[in-house]
Amino acid sequence: MAPLVKALARTRQREKKQKSALSQWSGVICLAVVLGLFYYLGRQMGMANMLNTLMHTAHDLLLNTVFYLMGICVLTGAIGRLFVEFGVVRLLERILRPLMRPLFNLPGVASLGAVMTFLSDNPAIISLAADKRFSSYFKKFQYISLTNFGTAFGMGLLVMVFMVGQGFYWQPLVGFFGAFCGCVVSTRLMQYFVLRQYPNFAAEAVVAENEEIKAEEKDSGQSTFIRILNSLLDGGRTGVDVGLAIIPGVLIISTFVMVLTFGPSADGAYTGAAYEGVALLPFLAGKVNFIFEWLFGFTDPHLVAFPITALGAVGAALGLVPNFISQGWVDGNAIAVFTAIGMCWSGYLSTHTAMLDSLGYRHLTPKAILAHTIGGIVAAITAHLVYSAIMYLLPVQ
């Protein structure tokens with residue numbers, strides 16, 4: 001018995017040493033990557049100019065992009081809460097029910113998740129999934145695919161309103177259709193992945209009892225005016241929370257993406273002003289720009305920065321658009337593709353793990369990410385093709 005105990009002790013000690021060595025190497029690699037990035041930027045721009053550009057870009061994004069997005073979040077949050085209070089969301093859910101089974105292989109009540117995430121953000125689907133009355137309508141493979149289904153419509157209203165605010169009106173609708181098609185692909189593909197690994201999930205229900213879902217009336221005797229006022233203020237407060245939540249993504253991700261996207265000032269010198277950079281992403285994208293031009297119809301390699309940023313945060317990706325427009329890189333096709341891929345992806349890399357973890361299926365995250373990556377690409381291609389067809393058949397401005 002004693003030799004066995006000693007052998008186990010030696011094994012544990014060896015495992016601790018391996019973990020300690022791995023942790024040290026991780027720190028070395030992290031430090032090397034960070035120092036390498038700043039060395040590359042400092043060598044190209046000058047250390048002082050690089051630091052000034054980072055600070056000035058983040059400051060300008062905060063004042064001119066984040067607060068603009070926060071204003072949109074407050075307004076859309078208020079409208080969304082008003083729609084919930086007076087039954088508009090319930091009405092939309094009933095209208096959309098017939099589309100669920102043939103397109104998404106989901107029960108009709110799933111349409112409520114699409115409406116709620118469209119009006120707010122990806123995690124709204126989780127609050128619904130936690131409701132036993134809601135989840136009782138789903139088989140397990142359908143329940144797991146709600147992560148992909150809800151994410152494809154996340155922050156949809158915000159994205160579309162933002163694009164309209166930039167002066168584009170029908171192009172976001174084309175993008176919405178593209179996101180819808182991408183959602184079908186992502187949801188169905190995720191269901192295929194789940195059933196392939198767990199065939200028994202096709203018959204297993206999430207909960208045993210299937211209770212009838214009853215709409216809860218929130219009217220507690222208050223007057224219509226008070227209900228409207230409370231809805232607008234509560235929804236606006238939620239919009240403020242969302243606006244605050246997107247600040248880190250916009251400032252951190254967008255700042256570095258812009259430094260890697262834009263070049264020096266007009267005279268070719270670095271001055272430390274906002275939105276200067278080393279133009280690395282356009283250089284790399286230019287090597288394979290024929291792929292993006294063929295698939296998405298992008299006319300400028302700088303535009304690839306939007307889908308890259310949307311992987312982590314769609315709010316940060318939207319922060320790129322005003323500068324793209326001012327540089328003359330954006331056309332109607334780009335807006336349609338941006339809307340499609342921005343809605344469909346909507347920062348899924350930063351939300352899928354947490355969403356699946358809350359559903360209890362964290363180990364399926366890689367499959368969900370793969371399915372949604374393909375869905376987003378399909379959404380962008382669809383938006384490009386539909387936009388091109390509209391311009392060919394019925395040229396509009």
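This is a predicted model: local features need pLDDT of at least 70, side-chain atom pairs count only at pLDDT 80 or more; totals for chains, interfaces and linings use all residues.
Start with helix H1, which covers residues 2-45 and contains Val 33. Val 33 is exposed: its relative accessible area is 55%, and the cut-off for exposed is over 50%. Val 33 also belongs to a nonpolar surface patch.

Move on to helix H2, residues 47-85, where Gly 71 is found. Gly 71 is partly exposed, with 31% relative accessible area.

Helix H11 spans residues 224-245. How many salt bridges does the structure hold? There is one. Asp 234 forms it with Arg 237, and the closest N and O atoms are 2.9 Å apart. Both residues lie in H11, three residues apart, which is about one turn of the helix. Asp 234 is partly exposed, at 30% relative accessibility.

Finish with a pair of packed helices. Such a pair is described by the angle between the axes and the distance between them. Here the pair is H10, residues 171-197, and H18, residues 332-345. Their axes lie 7 Å apart, at an angle of about 40 degrees. Angles under 35 degrees would count as roughly parallel, and those from 65 to 115 as roughly perpendicular. H10 and H18 are therefore oblique to each other. The crossing of H10 past H18 is right-handed.

Methods. Residues are numbered from 1 along each chain as its sequence is written. Side-chain values use heavy atoms; hydrogens and water are left out. Patches are made of residues with over 30% relative accessible area and no salt bridge: like charges are joined within 9 Å, nonpolar side chains (Val, Leu, Ile, Met, Phe, Trp, Tyr) within 5 Å. Accessible areas come from the Shrake-Rupley method with a 1.4 Å probe; for residues, only the protein chains shown count as cover. A salt bridge is a side-chain nitrogen of Lys or Arg within 4 Å of a carboxyl oxygen of Asp or Glu. Helices (H or I, at least four residues) and strands (E, at least two) are DSSP runs, numbered from the N terminus. Buried means under 20% relative accessible area, exposed over 50%, partly exposed in between (1.4 Å probe, protein chains only). Axes are lines fitted to C-alpha atoms, for helices over the stretch in contact, and angles run from 0 to 180 degrees between N-to-C directions. Angles under 35 degrees count as roughly parallel, over 145 as roughly antiparallel, 65 to 115 as roughly perpendicular and the rest as oblique. A crossing is left-handed if the near helix is turned anticlockwise from the far one by less than a right angle, and right-handed if clockwise.
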